[in-house]
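My entries follow in the order in which I looked things up.

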Amino acid sequence: MKKEPERKAGKDRKASEREAGKDRRKEHYAEGSFLAEKLADLFYPPRCPLCAGVLPPLPRLRRECSWQELVCDSCAKELPWIREPVCKKCGRPLEDDREEEEYCAQCARTERPYVEGRGVFSYRGALRRSVLQMKYYNRREWLTFFAAAMTPHAVDAAVRRGVRTIVPVPCSRKKKRQRGYDQSVLLAKQLSDRSGIRMCADSLIRTRDTRALSGLGMRERRENLEGAFTVLHAERLEEPVLLTDDIFTTGSTLEECCAALGRAGIREIYFLVLCIA
Ligand SMILES: [Zn+2]
Ligand SMILES: [Zn+2]
C-alpha cells in the first residue's frame, strides 16, 4: 500500500547513511585513533566540563563515551536536568500551579510553529558557566559531554517521532568569524554521529546578522529576527526535522527558523536544545 514512498525513503536513507559514513571516516582520520587520543590525553587530560577537574582515564574514545563518563562524580549529582512534568509543546518545566496541565501558560494561548520541543538542562549554576565557556572562551571540548547528554532525547525523537534530519540553528556570521567556529553546528555534528540521524547544516542559513537578543523584549526580538533565516535546497531536508541549538530563551530564534522552514514547505518540525533558560 505504502510501498512506493517507503522504497524511496529507504533509498534516501541509504544515500544519507553513505554520506554520514563518509563524514565519520573523514572525522576518524582528522581526529586520529584511540592511541593518538590517549597520547594527547597525557598532555591534555580530559576534564569535567562543570568544575574543570581532571577526569579518570576514559575507557574509550571521547566521542564514544557516555555522559556519565565525561563528567566527574560530584558534578554528575548536581546536574540541573529538566524533569517531568514539562510542557508538552515547548518542554519548559511546568510551574507548580500548572502541574496538572499539559501546556505551559504561554503555549496554552499561543500557536507554536513546531510539533514539540525538549530541553535537557535548566540553564543555571555550573552548567550555565560551562555553556558560556564553550560559547565564548573556546572550550569546545565541553561539546562532547553536551552532545552525549542530548543523545537519548535525539534517539527518542527518532524512534517516537521518526525524525530524519538534524538541523542546527545557525549562529550569526559575525559571531562565527569572531570565534572561528559555529558551536551549534559542532554540537549538531556530534549529536548526529552519536544518534545516527543525519545532519544537514547547509540548508537553513542566516541571511543577515541580527542584534544581540539579550536585553530585548519579546516584540523587539521578533522584529529583529524577521527574515533573518532562509532555506536553500529544501530537498535535502527529510521530514520530520529536528532543530537543535544550545540555549532556548524566549524561543523567538527557533520560531523564526520554523518560519523559514515553513516557507520552504517543511511542516513537521521538532526541536531539541541543550538548555532552557
Ligand atoms: Zn566536576
Ligand atoms: Zn510551553
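I began with strand β2 and looked at which way its residues point. Thr-165 and Val-167 point one way from β2, Ile-166 and Pro-168 point the other way, and all are buried. I count a residue as buried if 20 or more other C-beta atoms lie within 10 Å of its own, as exposed if 12 or fewer do, and as partly exposed in between, with C-beta atoms placed from the backbone. Helices (H or I, at least four residues) and strands (E, at least two) are DSSP runs, numbered from the N terminus. In a regular strand the side chains alternate between the two faces of the sheet.

I note the source here: this is a predicted model, in which local features need pLDDT of at least 70 and side-chain atom pairs count only at pLDDT 80 or more, while totals for chains, interfaces and linings use all residues. Residues are numbered from 1 along each chain as its sequence is written, and chains are lettered from A and ligands numbered from 1 in the order in which they are written.

Next I looked up the partners of β2. Two strands pair if DSSP finds at least two bridges between them. With β3 (198–199), β2 pairs in the parallel sense over two bridges, and Arg-198 in β3 is the bridge partner of Thr-165. With β6 (241–248), the pairing of β2 is also parallel and has four bridges. Leu-243 in β6 stands opposite Val-167.

I then turned to strand β1. Five of the seven residues of β1 (residues 116–122) are buried, so the strand is largely enclosed by the rest of the structure. Strand β7 (residues 269–276) runs parallel to β1, and six bridges join them. I looked for the partner of Ser-122 and found Ile-276 in β7.

Helix α8 (residues 183–195) came next, and I checked its length. The expected span of a helix is 1.5 Å times one less than its number of residues. For the 13 residues of α8 this gives 18 Å, and the end C-alpha atoms are 18 Å apart, which agrees. I listed its buried residues: Gln-183, Ser-184, Leu-187, Ala-188, Gln-190, Leu-191, Ser-192 and Ser-195. An α-helix has 3.6 residues a turn, so residues three or four places apart point the same way. What do the buried residues of α8 pack against? I found α5 (125–136), α6 (142–161), β2 (165–168), β3, β6 and β7, where contact means C-beta atoms, placed from the backbone, within 7 Å. Just after α8, Gly-196 takes a positive phi of about 80°.

I also looked for positive phi in residues other than glycine. Ala-52 has phi near 65° and lies in the loop between α2 (34–43) and α3. Ala-52 has 15 C-beta neighbours inside 10 Å and counts as partly exposed. Asn-138, in the loop between α5 and α6, also has phi near 65°. Asn-138 is exposed, with 12 other C-beta atoms within 10 Å.

Then I checked for cis peptide bonds. One joins Glu-84 and Pro-85, with omega about 0°; Pro-85 is in the loop between α3 (73–78) and α4 (105–109). Another joins Glu-239 and Pro-240, with omega about -10°. Pro-240 lies in the loop between β5 (229–231) and β6.

My last entry is on Ser-172, in the loop between β2 and α7 (173–179). Ser-172 has 16 C-beta neighbours inside 10 Å and counts as partly exposed. The C-alpha atoms of Ser-172 and Asp-209 are separated by 5.4 Å, though these residues are 37 residues apart along the chain.

Note on methods:
Two residues are in contact if their C-beta atoms, placed from the backbone, lie within 7 Å.
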